[in-house]
Amino acid sequence: MSTFRAPKGTYDLIPPDSAAYLAVREAISAPLRRSGYGYVETPGFEHVELFSRGVGESTDIVTKEMYTLTTRGGDRLALRPEGTASVLRAALEASLHKAGNLPVKLWYSGSYYRYERPQAGRYRHFSQVGAEAIGAEDPALDAELIVLAADAYRSLGLRDVRLLLNSLGDQECRPGYRAVLQDFLRGLDLDEETLRRVEINPLRVLDDKREAVRKQLAGAPMMRDHLCEACKSFHERVRDLLTAAGVAFEDDPRLVRGLDYYTRTTFEFVHDGLGAQSAVGGGGRYDGLSEMIGGPALPSVGWALGVDRTVLALEAEGVTLDLPAATEVYAVPLGEEARDLLFGAVTALRRAGVAADLSYGGRGLKGAMKSANRSGARLALVAGERDLAEGVVQLKDLESGEQRAVPADGITAAVREALG
Ligand code: ATP
Ligand code: MG
């Protein structure tokens, strides 16, 4: 071991486990890539103000969880805690919304950083795949994104993911509801910090996980009962489209993303096998965000799914992914001359699209065969002096143990045939 360890709240992805992470990223992004979403990549850090405005001054993310730094040049930057604000910033900066092609549909994948109390499923560095559909107020877009996320989980073989759905209303109906909710909350027995939250961001209080608070929230007024007609019919359309697509959901009137520019549709995917960190992904409509960061009115909707927790969900359900073998053929040269020959053979196989590896470091037959078995390869190519003299190499099936000589100048063809 070196003198250094990974920083607190972080972990390394290493083989063979890292393969599952790649597969999860791939599985989440595949439905997006075939639905008109283009790939976007933004920097790992942004100006602090983008997040304080784009995520919200009163959120935990901005008040407690951001990694901030001041550069030598005096810029105040933050490691990105989430993706939406950056992606919207990038789309506005590139004027993607002006090309007369709304909605702008984008997807992303990357690392995010939050200074949290580390625990199972909650890290300081984690990974998300996300999608944003910018610039259209259409319930079919909300439904599309939710269906794509549900399809991604299903394609991974997850069965115990539940979708929670709610509507947060809009500028029309939320202010009235907010006032009614505040009246209710002010009458409760709450600590000082929560009381402050009642004044700044009362919806967020509904999300409080503490039992003492939850108990008092039993009779709280719900947004559901205060939606205006436009929000009600928008939400009905989303629900109908989900039902038609065969995506099950549970109405959760307490589900909030308590910021003023989050509007209407809000949802979360939860997995019951994950303990307290049950949210595997979440998202919703954010019709006011563009204006909050200095852009034009661009009603939008998006989600972000956590890669780390999705992998934990797979483990919790005992799902093993059907991953392609990292190595299909493993070559074992015995001697200098054989190494040159098999180096060439492995190069040719790789160029032909066959995953192939070679034993390096002049190891003996026994050690090299151990590596061949450990690599998961189906076939081994073994060549010694006698084989070379005869112009052949031995092709061994590592499952059945069967072995036969194949011509040294016909290795690729023989391997292809053996792999079927
Ligand atoms: P939570 O309520 O668990 O803190 P959140 O509301 O902060 O989640 P979002 O900002 O909506 O989470 O991020 C979307 C997804 O990213 C989450 O559903 C989760 O899967 C993942 N995620 C968020 N924070 C972390 C973290 N610290 N470690 C690992 N995954 C995370
Ligand atoms: Mg959080």
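User: Which residues of H10 does H5 meet in this predicted model?
Analyst: The model is predicted, so local features need pLDDT of at least 70 and side-chain atom pairs count only at pLDDT 80 or more, while totals for chains, interfaces and linings use all residues. Residues are numbered from 1 along each chain as its sequence is written, and side-chain values use heavy atoms, with hydrogens and water left out. With contact meaning heavy atoms within 4.5 Å, and with helices (H or I, at least four residues) and strands (E, at least two) taken as DSSP runs numbered from the N terminus, the H5 side of this contact consists of Pro139, Ala140, Asp142, Ala143, Ile146 and Val147. Their partners in H10 are Phe234, Arg237, Val238, Leu241 and Leu242.

User: How many residues of the contact of H5 with H10 are nonpolar?
Analyst: Ala, Val, Leu, Ile, Met, Phe, Trp, Tyr, Cys and Pro count as nonpolar, Asp, Glu, Lys and Arg as charged, and the others, Gly among them, as polar. On that division the contact of H5 with H10 has no polar residues and 2 charged ones, and its nonpolar residues number 9.

User: What are the angle and the axis separation at which H6 and H7 pack?
Analyst: Axes are lines fitted to C-alpha atoms, for helices over the stretch in contact, and angles run from 0 to 180 degrees between N-to-C directions. Helix H6 covers residues 174–186 and helix H7 covers residues 192–200, and Arg178, Gln182, Leu185 and Arg186 in H6 meet Val198, Glu199 and Ile200 in H7. The two helices pack at an angle of about 160°, with their axes 9 Å apart.

User: How many of the 11 residues of helix H12 are buried?
Analyst: Buried means under 20% relative accessible area, exposed over 50%, and partly exposed in between, with a 1.4 Å probe and protein chains only. The buried residues of H12 include Val307, Val311 and Leu314, and they pack against elements among which are helix H1 (18–33) and strand S9 (263–271). Helix H12 is largely enclosed by the rest of the structure, because its buried residues number 8 of the 11.

User: Is Pro7 buried or exposed?
Analyst: Pro7 is found in the segment before H1. Its relative accessible area is 57%, so Pro7 is exposed.

User: How far apart do the C-alpha centres of domain 1 and domain 2 lie?
Analyst: The domain bounds come from an automatic or database domain assignment, which divides the chain into domain 1 (18–173 + 227–317) and domain 2 (329–419). The distance between their C-alpha centres is 48 Å.

Terms used. Chains lettered and ligands numbered in written order.
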